[in-house]
Amino acid sequence: MMLKHAIRGVVLAACTAGFASAQAADPTAVENDAGKYFDAEGYPTFNIAEDGTVDFHTYSGFRRFNSECHVCHGPDGVGSTFAPALVESVQDMSYEDFVAVVAGGRENVGSGNQNVMPAFGTNPNIMCYLDDIYIYLRARGEGDLPRGRPAKKEAKSDVFAEMEDSCMG
Amino acid sequence: MKSGLLGAVSIAAVTAVAWSASANEQLQTMAEEQPGEWVMPTGNYANWRYSELDQIDKDNVDQLQVAWSMSTGVLRGHEGNPLVIGDTMYFSTPFPNNVFAVDLANDGIIKWKYEPQQDPQVIGVMCCDTVNRGVAYAPETDAYPATIILNQADTTVVALSADTGQVLWEVQNGDPGKGETATMAPQVVKDKVLVGNSGGEYGVLGHMTAYDIATGEVAWRAFSAGPDDMTLLDPENTTHLGEPVGVDSGTATWEGDQWQIGGGTTWGWISYDPELDLVYYGTGNPSTWNPAQRPGDNRWSMTIMARDPDDGMAKWLYQMTPHDEWDYDGVNEMILADLDFEGEERKVVVHPDRNGFAYTLDRETGELLVAEKYDPFVNWATHVEMDPESDQYGRPQVVAEYSTEQGGEDTNTAGICPAALGTKDQQPSAYSPETKLFYIPTNHVCMDYEPFRVSYTAGQPYVGATLSMYPTPESHGGMGNFIAWDAVNGEIVWSIPEQFSVWSGALATAGDVVFYGTLEGYLKAVDMETGEELYRFKTGSGVIGNVMTYEHEGEQYIAVLSGVGGWAGIGLAAGLTDPAAGLGAVGGYASLSDYTNLGGQLTVFKLPEEVASSE
């Protein structure tokens with residue numbers, strides 16, 4: 001169930017964009033679909049108001065990232081002794097590649113390297129919120145979201161709540 | 001000589017009939033009477049990390065110099081410490097858990113190296129770096145040759161011939177496919193080797209398992225939760241604060257089957273009292289980190305256990321943090337000492353817990369004697385109730401403002417001290433029988449904690465909380481302290497502020513010096529009485545290993561593994577978020593990556609010859 005959600009995200013994005021870009025697109029939000037923002041190419045993105053209020057997906061991504069990913073990728077995505085700084089990665093990486101790495105994992109083990117990115121494809125705690133994590137990392141890497149907990153956020157939309165319920169089961 | 005899995009022939013099958021002395025009697029004698037060696041991960045059974053060696057003392061330690069060093073070839077966090085037996089030094093590395101036997105009599109050449117073959121996927125299910133806290137040693141008996149025991153990341157337990165590195169036997173202690181891994185150093189007790197597990201962040205149920213050193217067969221296994229036949233508790237004779245625990249106490253304080261994925265892993269240090277014939281260890285956090293998903297006290301997570309090493313039956317238990325809401329694992333070292341309480345000498349166990357309280361208990365009965373904060377900033381509880389008449393006896397009195405359970409799911413509870421890292425983590429303290437003080441490496445970090453609902457998938461993280469950590473506000477700005485602790489009066493005697501968490505294990509010596517390492521990479525020596533710094537040397541990488549000492553050909557050496565990493569390396573590498581940024585805070589909040597870099601290295605120190613020989 002959670003896989004469907006993520007894969008649908010990929011397919012949708014690929015259709016809208018027409019091609020799989022190697023680079024992340026311009027993060028500026030041009031569309032607001034019930035509190036979820038999209039850039040000109042149809043990829044999920046963040047929206048930060050003048051007074052610092054973040055969209056709910058950015059906030060949700062903050063929470064999930066600093067629960068599931070920070071133990072390896074460092075607090076707020078800034079990297080660690082263990083795994084790369086994802087605030088940098090999302091700037092050079094397509095949405096499709098991002099989803100593929102998180103769902104499928106990646107192993108980079110050889111002389112000197114002992115890097116294993118686990119596969120999270122079966123984990124609803126992550127896959128149900130993968131767009132949110134992506135949006136959060138874009139806000140950190142490409143936007144001006146500072147480290148730490150966002151001070152103000154938009155309210156959780158009904159669509160978000162429904163999605164969450166159906167995905168988490 | 002190199003040996004791999006090919007050598008996995010059970011030489012142990014050729015067992016002799018009669019056993020002479022058991023391993024632990026010999027080990028105990030070695031630990032007590034041969035201070036030139038370091039025969040078990042914890043120094044001695046009492047976990048003192050104290051050495052009688054006194055050639056290096058507080059007057060000459062400033063002249064210490066590097067005698068030799070060696071790269072381990074592995075980049076990850078290096079916890080633990082080497083052993084020295086006779087002329088050979090043994091140590092293990094983080095994943096892939098290579099084991100080295102180094103010939104001290106022969107210019108440090110590598111006598112043998114063991115390279116296990118493990119599926120690298122296990123790296124992905126280790127919560128906080130791929131550390132390994134060292135190997136154990138069992139002296140030769142009639143039943144087996146001198147043996148080195150390795151507890152691999154993937155939970156394979158391997159017995160190696162200490163002479164050749166040949167595999168004697170191998171057993172699988174757990175299932176890494178379910179997120180069950182291993183990091184702790186095994187302990188040899190009475191012809192058995194005790195092995196614990198890790199994986200509390202994956203819903204792994206903790207257990208302590210005793211293997212027969214001769215054969216690798218399971219002698220007993222005690223789970224941290226479950227019915228009595230799993231927990232090895234006797235409803236009438238096992239006590240908690242003097243009261244019988246009752247039937248199935250390991251399921252009675254859980255809702256439904258949550259205990260089966262309930263955590264309580266056993267990844268810390270083990271001590272042993274040969275006279276009382278009891279082993280002591282602690283259990284880790286209950287899972288998930290979202291307390292609302294596991295109502296009840298969640299026994300026996302967060303518990304000090306005293307067990308019979310022959311059959312594993314528990315004599316007494318003490319749960320320090322019932323129904324954890326902060327990830328305060330109870331696995332830290334259990335130091336056994338005989339201390340004077342108003343003229344009466346008492347056999348105690350001293351345990352500085354993650355939750356910020358240092359506990360002193362009667363180690364025969366489990367009676368609670370002292371429970372005091374060993375960092376004055378600890379705020380999640382006011383105190384531990386000490387009145388046996390109170391229905392709260394032995395329980396921490398939780399402050400509502402810092403209760404993540406009372407704050408509730410999806411609410412951020414801010415300003416909790418200590419952080420999930422604890423006032424200390426596994427980094428072991430030292431104890432000096434001269435000063436009767438405990439030398440404790442600590443963290444000085446606070447946190448915000450927001451629990452939320454998670455669902456369980458086998459082999460996937462099962463965390464359920466968002467954390468942010470920062471240096472203790474309105475303190476000295478650093479993230480650690482190194483303290484001397486009086487476990488009778490429950491008081492800090494002296495405290496050295498440190499810029500980063502002190503994540504290295506301490507060593508106390510008869511030279512009146514205490515040693516510890518820092519995350520920037522320093523080996524430091526301080527005066528045992530005053531804490532005054534006497535010496536520092538910056539090693540190749542941050543130190544999260546434990547300092548040890550040995551003697552070779554009349555000279556005393558100090559050895560430590562460098563190699564930044566572990567949970568501290570992950571959290572601090574990039575610098576913690578700074579709540580006081582812009583308020584003139586400097587230095588203390590800088591990121592660790594400005595100070596040091598990855599790299600595993602052993603550094604060994606000694607005095608210059610003319611100084612050593614004049615002693």
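Analyst: A contact here is a pair of heavy atoms within 4.5 Å. In chain B, residues 24 or more positions apart account for 62% of the contacts with a separation of 6 or more. The model is predicted, so local features need pLDDT of at least 70 and side-chain atom pairs 80 or more, whereas totals for chains, interfaces and linings use all residues. Residues are numbered from 1 along each chain, chains are lettered from A in the order written, and side-chain values use heavy atoms without hydrogens or water.

Of the 615 residues of chain B, 68% are buried (under 20% relative accessible area; exposed is over 50%, partly exposed in between; 1.4 Å probe, protein chains only).

Over all chains there are 31 salt bridges, each a side-chain nitrogen of Lys or Arg within 4 Å of a carboxyl oxygen of Asp or Glu. In one of them, Asp273(B) pairs with Arg363(B) at 2.7 Å, N to O. This pair joins distant parts of the chain, 90 residues apart: Asp273(B) belongs to strand E18 (residues 271-273), and Arg363(B) to the loop between strand E24 (357-362) and strand E25 (368-373). Both Asp273(B) and Arg363(B) are buried.

Glu533(B) and Arg536(B) also form a salt bridge, with their closest N and O atoms 2.7 Å apart. Glu533(B) is partly exposed because its relative accessibility is 34%, and Arg536(B), at 40%, is likewise partly exposed.

In chain A, Glu164(A) meets Lys156(A) at 3.1 Å, N to O. Glu164(A), at 14% relative accessibility, is buried, while Lys156(A), at 39%, is partly exposed.

Finally, a network of salt bridges links Arg63(A) and Arg149(A) with Asp410(B) and Glu450(B).

Terms used. Helices (H or I, at least four residues) and strands (E, at least two) are DSSP runs, numbered from the N terminus.
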